[in-house]
Amino acid sequence: MWKWLKRVFASEHQWAAQQLSAYLDGELSPPHRAHIEAHLKECQTCAEELRTLHWTVNLTAQMPVLKAPRSFLVTEAIAQPRRTPFSVAYVYLRSATVAVAALLLVVLASDFLLPYTLPPGMPTPQIAMRKAVPVVEEVQVEEEVEKLAPPMPPVPREAQAAGKPPVATPTREEEAAKKIEAEQVSEEKMAQEPMILVAPPAEQAPDRALAPRGGGAATEQEIPAEKRVVASAVVTPTPTFARVGPTPTPPTHPRPG
Amino acid sequence: MDEEALIAAAQQGDTAAFNRLVLQYQDMAYTVAYRIMSDPHAAADATQEAFISACQGLPRFRGGSFKAWLMRIVTNACYDELRRRKRHPQSSLDALYVEEPMPASPLNPSVESPEEYAERQELSRLLQARIALLPDDQRVVLVLSDVQGFSYQEIAEAMGVPRGTVKSRLHRARAKLRDYLQDREELLPARYRLASRAPMQG
């Protein structure tokens, strides 16, 4: 098929020129031979090329068969196939190779057949893979983790540092926004009524207390950094900016003035 | 004992039978090796290696043309030697001029005169110089076809390539050799020049 296509697309002269050598040797099929002979009657270039090729072949045929400079007879020893010498080390090395291969096979088989269990406290492979996601995608990862895992309550950093259990407050954004509004109202009240303790909301942590009046300005600047709530203690290094309340202060904080 | 019987005996381990095959083909094998390598010593080494390989591999011979099978081993041995020489090139004063080995058939005065014999030797040296410059694949095909007279099928078996590949390689090799000879036609003896030859009929 390919040859036929080449014949179609190549020019008649090119195809004929490439067949001249085989034509000289009588290696063409009868149809091709007839085709070449018809072309040679019309194409003087191909006829001249055929003449020079014939001249070259005749000259090359003048090269003599050379006499071997020596005899190449083989001996009985050479005629036998070469065999490697048998040695004790060969047996030991082969046995060691078989033993190592069997051990490797057992290890691989046990790895595939035995159930895969994680030691307690280790993150599941799925979560571990998600931790490896770049920072720019962590927000999406957080959302996916929230869908997969039950919602975890927001934990203030102080509470985490003190080792206290997380507060059982929901982490919904709406609730967080409501709390932020409530906190803003309470802060306004605090500004109007200094030195009065305001009880935290019922759903807030019980150990939370209002910041002292005198230190209010300094605490206000620290609030954004300290009020960040980590949605997941395991997965999210990037915090979610949700304000859930004023700066938690230990109740034993001394009042200034 | 004919060739098939010798091959059968050699396959059964008869070294004497194999050596009769060696005597029958060693000139041809050495000629092919020399035309491919252009070095008498390297050609002798390759020929010896080829016969040893053929003797040890004869049980695997499954019939067909023994000549083509043997020449395939010879050409492979030459390829190995050429590759080895390319990796470890060596130059010596002996390599500057290599004298053409003696032909297998001595001068026959009834066929050609001593002058004609000398002219043919000179022509052979000139051709060998150009053949040595051909690519390896084209050189082997040209030697097997035009020097040894192998058919395309035998060359295809010897080289392990399709007949179409043999045809194209041979055509390219002949065209290069033709151009070389036409450029140096004045160096050829008068009876070998193209102008002195009558145009081919048919």
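Mentor: Before we start, axes are lines fitted to C-alpha atoms, for helices over the stretch in contact, and angles run from 0 to 180 degrees between N-to-C directions. This is a predicted model, in which local features need pLDDT of at least 70, side-chain atom pairs count only at pLDDT 80 or more, and totals for chains, interfaces and linings use all residues. Residues are numbered from 1 along each chain as its sequence is written, while chains are lettered from A and ligands numbered from 1 in the order in which they are written.

Trainee: At roughly what angle do the axes of helix 2 of chain B and helix 4 of chain B cross?

Mentor: Helices here are DSSP runs (H or I, at least four residues), numbered from the N terminus, and helix 4 of chain B covers residues 66–87. The axes of helix 2 of chain B and helix 4 of chain B come within 10 Å, and they cross at roughly 35°.

Trainee: Which word describes how helix 2 of chain B lies to helix 3 of chain B?

Mentor: Their axes come within 8 Å and cross at roughly 140°. Angles under 35 degrees count as roughly parallel, over 145 as roughly antiparallel, 65 to 115 as roughly perpendicular and the rest as oblique. Helix 2 of chain B is therefore, relative to helix 3 of chain B, oblique.

Trainee: Which helix of chain B gives the most to the side that touches chain A?

Mentor: Counting residues as in contact if their C-beta atoms, placed from the backbone, lie within 7 Å, the contact takes 43 residues from chain B and 31 residues from chain A. With 10 residues, the element of chain B that gives the most to this side is helix 2.

Key: Contact = placed C-beta atoms within 7 Å. Helix = DSSP H or I, 4+ residues; strand = E, 2+ residues; numbered from the N terminus.
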